[in-house]
Amino acid sequence: MAKPSPSPRATPFLLATVLSIAAAGAAAASGTEARWYSPVSSFVSEQLYTSLFLHKDDAACPARGFYTYASFIRATARFPRFGATGCVDARKREVAAFLAQISHETTGGWATAPDGPYAWGLCYKEEINPQSSYCDATDKQWPCYPGKSYHGRGPIQISWNFNYGPAGRALGFDGLRNPEVVANCSDIAFQTALWFWMTPRDTKPSCHQVMVGEYRPSPADVAANRTAGFGLVTNIVNGGLECNRAGDARVNNRIGFYRRYCQVLGVDVGPNLDCEHQQPF
């Protein structure tokens, strides 16, 4: 993912998210069944999930056996607003957008792949041959731990110390000293992806806010043509590398996954699918 603003914005929404995570943790400690309830499971069954990710457990996929439906649902239960905000169409569209983004980030597909290029999401759980340790040494709030690499891991390929640190604090693990847990624990892997999805930053809305109609563009956003839709989510995730350019293959791949998932869920894709004319954040 491209470098975002260094720290989460302290908003009522962020506070509510942290409190909901804490409540879920307390429920887990009490052993109650309610802790696993997720509204997402009402329209994404295990059978449907398996059909969306037909090849995730193939021998050719390094993440085989890792991204289970149970881990996905347990993670969504910790973020009760995910897939539960707005009308049914808005809820489905948000889930489709999330699954499309993580599919692109972890895809093992190619143009002539069996069952098509959009059946190979969740094939990888860790960046292959990272070119750096993704350490921003100028970030004093989330300092890098010696010898640790903050390269892409998990469904959203969370990267950089300034993402691992706050994600770990919110979710209950040491993201700076133990970033490897994101590629070793499937529950935490999905939780980091959803944390990124739900958390606004200083200069960025959250992906969730964009997909459920809560995004309110600032004058700077308007001037940069950052209009709501799936394309703006791509801008949030990796706009510095993919947006404000014509015909980017990565953007088109994300859109291909999104179209497929929206079709399966029976919902239209909405406006502004690409970020070709958007300035990155």
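Asn-225 is partly exposed, with a relative accessible area of 35% (buried means under 20%, exposed over 50% and partly exposed in between, using a 1.4 Å probe and protein chains only). The phi of Asn-225 sits near 60°, a positive value in a residue other than glycine.

Asn-272 also isn't a glycine, yet has a positive phi of about 55°. You'll find Asn-272 in the segment after α11 (249–265), partly exposed with a relative accessible area of 37%.

## About the model

This is a predicted model, where local features need pLDDT of at least 70 and side-chain atom pairs count only at pLDDT 80 or more, while totals for chains, interfaces and linings use all residues. Residues are numbered from 1 along each chain as its sequence is written, and side-chain values use heavy atoms, with hydrogens and water left out.

## Helix α4 on its own

Helix α4 covers residues 88–106. Its 19 residues reach 27 Å from first C-alpha to last, close to the 27 Å expected at 1.5 Å a residue (the expected span is 1.5 Å times one less than the number of residues). Most of α4 is covered, with 17 of its 19 residues buried.

## α4 against α7

α4 and α7 (residues 186–198) pack at about 120°, their axes 12 Å apart. Axes are lines fitted to C-alpha atoms, for helices over the stretch in contact, and angles run from 0 to 180 degrees between N-to-C directions. The pair is therefore oblique; under 35 degrees counts as roughly parallel, over 145 as roughly antiparallel, 65 to 115 as roughly perpendicular and the rest as oblique.

On the α4 side, Glu-94, Ala-97, Phe-98, Gln-101 and Ile-102 meet Phe-190, Ala-193, Leu-194, Trp-197 and Met-198 of α7 (contact means heavy atoms within 4.5 Å). Those contact residues split into eight nonpolar, one polar and one charged. Nonpolar covers Ala, Val, Leu, Ile, Met, Phe, Trp, Tyr, Cys and Pro; charged covers Asp, Glu, Lys and Arg; the others, Gly among them, are polar.

## α4 against α10

The axes of α4 and α10 come within 9 Å and cross at roughly 25°, which means the two run roughly parallel. Here Ala-97, Ala-100, Gln-101, His-104 and Glu-105 of α4 meet Phe-230, Val-233, Thr-234, Val-237 and Glu-242 of α10. By class, that's five nonpolar, three polar and two charged residues.

How values were computed: Helices (H or I, at least four residues) and strands (E, at least two) are DSSP runs, numbered from the N terminus.
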